[in-house]
Amino acid sequence: MKLPRTHYDNLKVSRTATPEEIKKAYRRLSSLHHPDKNGGSTKSVKAMQCINNAYAALSDPKSRAAHDSWIARTEADHARKAEQAAQSEKAKKAREQQAKEAFKQKKAEDTVKEKRYYGSAEKSSQHQSHGFDWSIFDDCFGSWRSSKPFLRAEHRPSKLHEDHRDDFIEYNHTVREKLHGIVLEYLTPDLIYRSFLIDKQWGRGAPKNLAAVYKAINRAMRRPEDGRMDKLVGLYFNRPPAVQGFLATTAFFLMATAAYVAYVHSV
């Protein structure tokens, strides 16, 4: 928050200036910004009004005292708001750190719960009783099953195209991982799927951080339906690099031709 200008700033004197210094500064600025010396410009008229008001306030002891009191109140209010903003930012960072720690703790707890100890004595005895230790395969494929993202029933959109299923699973997993510990009542599977479709049209991948997640969700909320521009951009970005280069070159050639034709007709 920026402090407002004072009469001292307008006369370019310090707050401890003497009446003689104030008068001297007023004469110097008046001779410099007087409308008669600047062709009566609007800028000089406004500057002169500001200088006159400042001198009138500072030349009178009572007016100057009231102005000094106003400056003190304004600076105190500014300091108070700055302190509140700093405390709010500190509290926000503390909440974010607490959410991160809670996420790490929850992830660790889930890992412990979901981890299957196939090398335990009970499992080993069961496998040995059948004549073969099947825990070798369980250890290999159990970790793969627990680490691969999957789509829960409550996370499935109402109209999910099967061609998008694998990409959307990764996208949904990333979004919900970034939003872990944050409750958004308006966040639905259809809204995340809409965000996924928009990012796919524009050639984007999954959001990299929490800010990118909020931007993607806001884009999906602002554009509930596909527009023509989205479809055109999607036709460009969802093509191989060679095709993109050809389309860009063709567009540049058409624009240059149109500019040349317009120039010829204007001449």
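The model is predicted, with local features needing pLDDT of at least 70, side-chain atom pairs counting only at pLDDT 80 or more, and totals for chains, interfaces and linings using all residues. Residues are numbered from 1 along each chain as its sequence is written, and side-chain values use heavy atoms, leaving out hydrogens and water.

User: Why is Thr174 called buried?
Analyst: Its relative accessible area is 17%. Buried means under 20%, with exposed over 50% and partly exposed in between (1.4 Å probe, protein chains only). So Thr174 counts as buried.

User: Where is Thr174, and what is in contact with Thr174 beyond its neighbours within four places in sequence?
Analyst: Thr174 sits in helix α7, residues 165-178; helices are DSSP runs of H or I, at least four residues, and strands are E runs of at least two, numbered from the N terminus. Leaving those neighbours aside, Ala206 and Pro207 are in contact with Thr174, contact being heavy atoms within 4.5 Å.

User: What makes Arg64 a residue with no salt bridge?
Analyst: A salt bridge needs a side-chain nitrogen of Lys or Arg within 4 Å of a carboxyl oxygen of Asp or Glu. For Arg64, the nearest side chain of opposite charge is Asp68, 4.3 Å away. Lys and Arg count as positive, Asp and Glu as negative, and His and the chain ends are not counted. Therefore buried Arg64 has no salt bridge.

User: Which helix holds Arg64, and how many helices are there?
Analyst: Arg64 is in helix α4, residues 61-114. The protein has 11 helices and 0 strands.
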